[in-house]
Amino acid sequence: MPVPTSLSRRGLLALTAGAGAAITVGAAGWPRRAGASTGRVLAGAGPLPRPFHVPLPVPPVARPVRSEHGTDFYEVEQREGTAEILPGRKTTVWGYDGVFPGPTFAARSGRRTVVQVRNSLTVPTVTHLHGGVTPPESDGYPTDLLLPARCAPGRTHDDRAGAHPGRTAVGYRAYEYPLPQPAATLWYHDHRMDFSAPQVWRGLAGFFLVSDQEEDRLPLPGGGRDVPLMLCDRSFAEDGSFRYPAHHEHDAFPDGVLGDVQLVNGAPWPVMEVSATRYRFRLLNASNARRYGLRLAAGDGKPGRFVQIGSDGGLLAAPRSLDAVDMAPGERFDVVVDFSAFPVGSKVTLRNSVTEGGMRDVMRFHVVRKEKDDSRVPSRLSASFEKLSPGPAGSVPVRRFDFRRTHGSDERQLWTINGRPFSTAEVLASPRLGSVERWRFSSDFHHPVHAHLAQFQVIARGGKPPRATDGGWKDTVDVRPYEVVDVLVRFAGYKGRYMLHCHNLEHEDMAMMANFDVT
């Protein structure tokens, strides 16, 4: 099924729908401007589960099928699976190896990792390693489709003469990750154009953890006290199936889809038994549109604290003590929580301060015992951390990217960057490999801006210093309504075409993406 060389964005949607797509998402019109909310709640059916009764699950760790010549080879299958997410009800998930979240890949900085993905679903997919410094052919460009295996396994098509360097594979594709980057909490998820939101909603996401020698030397909590936490929201039908807006409902959800069930690692409002020791939590906001303002509170009202040790791109230079962690979709925060601050028997609740009702609760920790703890958080984390400086005016190129609603030629409103909906043929920037540029993001809404390949540091918000939670190397930043955020972006790794887009997945599917070409 080769991709035509003159393919338009809408044409691609029609083509891929013919490969078995069960749902369609496209740019929709809407009659009103939204406020500062990040979406609309899609109410589920049936009773909601009782909070804090399901134990926290931890995703399985993937094992390489072989390792040779400095490369670890993995195989994973995208397929339907069945999970009991809501007690007593069955949910069909689209998962890597049929599970949600998918298996966690534990990789090593500088060691080549090859993941062969087989598509046994009925729809095309694209896998993106979010935060990865990855060659363009394995980055997960939204039209680099992996068609279902039933089409004709193994056939490939490389359309370099078309509107973009499109690569279509049938049945399986090998994604190569050289990982020339420090230890960091990354994640992988579906990135298919126009369909990222519903396909991630159905389960196509998982953790990808990178370690290195610098991190190994730190006395941080490890083993069972190093816990990945994928936060996301979902809605369910009465029979337990995922509920997501049908095509005729899209106009009612232009700002984003919010669920009414909070999940952590795929479990509703779970509980985790902990000892009175330090724990490392790798927080990931994998929601389509929901933001989090995370706080810790014990039953007696005593607040807890987070010690941030890492951000999207890896370790901070030094730890930061935080009362709250604000997370937009796509962001990661690596934090340590010391439960010895609470008496044994305490119940400590992780709450979301930026929402209402039952969704204010995220999960609970039950401090059940004392235990020896040799871990600590040193005052210096990464000696190799380099803080970028903007330098004098004119020393680095400045580019502006405005994320907002724009009227189209047919009077419909679109999510756009610099007034333009996404086109595979258009390039908005051509930075040089190895260079640093100042990018200025502005918005009319909450837009979590994500850059592929490039890592950046936030240097200003509205002309003022960054927030406490803006520290470190990042690949995603929350640009709030009518705010201007300045970042210094470093283009290291590879030449080629990459993406800049809003990580509100409904906005992304409604054309809020742009190309940049590293030369």
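Residues are numbered from 1 along each chain as its sequence is written, and side-chain values use heavy atoms, with hydrogens and water left out. Because the model is predicted, local features need pLDDT of at least 70 and side-chain atom pairs count only at pLDDT 80 or more, whereas totals for chains, interfaces and linings use all residues.

The protein contains four helices and 36 strands, taken as DSSP runs numbered from the N terminus (helices: H or I, at least four residues; strands: E, at least two). Of its 519 residues, 60% count as buried; buried means under 20% relative accessible area, exposed means over 50%, and partly exposed lies in between (1.4 Å probe, protein chains only). Among contacts (heavy atoms within 4.5 Å) with a separation of 6 or more, 77% are between residues 24 or more positions apart.

Strand β19 spans residues 278–285, and seven of its eight residues are buried. Pairing of two strands requires that DSSP finds at least two bridges between them. Strand β14 (residues 226–234) runs parallel to β19 and is joined to β19 by six bridges; in this pair, methionine 230 has leucine 284 of β19 as its bridge partner. Strand β24 (residues 332–338) runs antiparallel to β19, with seven bridges between the two, and aspartate 334 in β24 is the bridge partner of arginine 282.

An open sheet of five strands has the order β18-β26-β25-β20-β23, with mixed pairing. Its edge strands, β18 (271–275) and β23 (325–327), each pair on one side only. Neighbouring strands of this sheet are turned by 25° against each other on average, direction ignored; axes are lines fitted to C-alpha atoms, for helices over the stretch in contact, and angles run from 0 to 180 degrees between N-to-C directions. Within the sheet order, β20 (residues 292–298) and β25 (residues 347–352) pair in the antiparallel sense over five bridges. Threonine 349 in β25 is the bridge partner of alanine 297.

Arginine 192 is located in the loop between β12 (184–190) and α2 (196–201) and counts as buried because its relative accessibility is 1%. Its side chain makes a polar contact with the side chain of glutamine 199 at 2.7 Å. A polar contact is a pair of N or O atoms within 3.5 Å; within protein, one atom must be able to donate a hydrogen and the other to accept it, and residues adjacent in sequence count only if both atoms are side-chain atoms.

Arginine 243 lies in the loop between β14 and β15 (257–258) and is partly exposed, at 31% relative accessibility. Not counting residues up to four places away in sequence, arginine 243 touches Leu42, Ala43, Trp201, Ser235, Phe236, Ala237 and Glu249. The C-alpha separation between arginine 243 and leucine 42, 201 residues apart along the chain, is 8.0 Å.

With a disulfide defined as a pair of cysteine sulfur atoms within 2.5 Å, the count is zero. Cysteine 151 is partly exposed at 32% relative accessibility, whereas cysteine 502 is buried, with a relative accessible area of 0%.
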